[in-house]
Amino acid sequence: MITDPIADYLTRVRNAISANHRVVEIPSSNIKKEITKILFDQGYILSYKFEESEVQGTIKIALKYNKDTKASVIKKLQRVSTPGLRKYVGADEMPRVLNGLGIAIVSTSHGVMTGKKATQEHVGGEVLCYVY
């Protein structure tokens, strides 16, 4: 049993990047699917595929690397809110990651979205992770 599935998701992606893997498979859930869609929309991953099965299903993520330096596009994935210490922010105090170069992924009452979109829609929520 995994107590923090989002931290497990981020760790699997981090480990695949450090091992220079092209594809990583992760057990699926609705919030992980939304995080994956955000990473794709923001250009941090190459592509993704949701594979449904009877029990849980998996997410296959194709990681994105720089062609010249062979370095990953994702420099850091950092979990912010944990099951033991939740971090909630209002729309006015939304964090800026790397002075606007990174993204904060936030779980709001309107769904999972980036911190910038949450500020535009003027909603606060739980800061799940930072990506840059």
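This is a predicted model: local features need pLDDT of at least 70, side-chain atom pairs count only at pLDDT 80 or more; totals for chains, interfaces and linings use all residues.

Colleague: What volume does the largest pocket have?

Modeller: The largest pocket comes out at about 270 Å³. Its lining is made up of 16 residues, and Pro95, Gly100, Gly102, Gly115 and Lys116 are the ones nearest the centre.

Colleague: Which elements give two or more residues to that lining?

Modeller: Those are β6 (103-108) and α3 (115-120). The most comes from α3, with three residues.

Colleague: And what does the lining of the largest pocket look like by class?

Modeller: There are seven nonpolar, six polar and three charged residues in it.

Colleague: OK, switching topic. Where is serine 81?

Modeller: Serine 81 is in the loop between β4 (77-79) and β5 (88-89).

Colleague: Is serine 81 buried or exposed?

Modeller: Serine 81 has a relative accessible area of 0%, so serine 81 counts as buried, the cut-off being under 20%.

Colleague: Which residues does serine 81 touch, leaving out those up to four places away in sequence?

Modeller: Arg86, Lys87, Glu126, Val127 and Leu128. For lysine 87 there's a polar detail too: its backbone nitrogen lies 3.0 Å from a polar atom of the serine 81 side chain.

Colleague: Now charges. How many salt bridges does the count come to?

Modeller: Eight salt bridges. One of them joins the side chains of aspartate 8 and arginine 12, at 3.0 Å from N to O.

Colleague: Where do aspartate 8 and arginine 12 lie?

Modeller: Both are in helix α1 (residues 5-18), four residues apart, about one turn of the helix. Aspartate 8 counts as buried because its relative accessibility is 18%, whereas arginine 12 is partly exposed at 32%.

Colleague: Why would such side chains pair up at all?

Modeller: Side chains of opposite charge can pair when their charged atoms come close.

Colleague: Which residues are linked in a network of salt bridges?

Modeller: Glu25, Lys49, Glu51 and Lys60 are. Within that group, glutamate 51 meets lysine 49 at 3.8 Å, N to O. Glutamate 51 also pairs with lysine 60, where the closest N and O atoms are 3.6 Å apart.

Colleague: And how accessible are glutamate 51 and lysine 60?

Modeller: Glutamate 51 is at 26% relative accessibility, so it counts as partly exposed. Lysine 60 is at 28%, which also makes it partly exposed.

Definitions and conventions:
Residues are numbered from 1 along each chain as its sequence is written. Side-chain values use heavy atoms; hydrogens and water are left out. On a 1 Å grid over the protein atoms alone, a cavity is a set of points where a 1.4 Å probe fits but cannot get out, and a pocket is an open set with protein on both sides within 12 Å along at least five of seven lines; lining residues have an atom within 4 Å of a point. Grid points are joined across faces, edges and corners, and a volume is the space filled by probe spheres set on the points. Ala, Val, Leu, Ile, Met, Phe, Trp, Tyr, Cys and Pro count as nonpolar, Asp, Glu, Lys and Arg as charged, and the others, Gly among them, as polar. Buried means under 20% relative accessible area, exposed over 50%, partly exposed in between (1.4 Å probe, protein chains only). A polar contact is a pair of N or O atoms within 3.5 Å; within protein, one must be able to donate a hydrogen and the other to accept it, and residues adjacent in sequence count only if both atoms are side-chain atoms. Contact means heavy atoms within 4.5 Å. A salt bridge is a side-chain nitrogen of Lys or Arg within 4 Å of a carboxyl oxygen of Asp or Glu.
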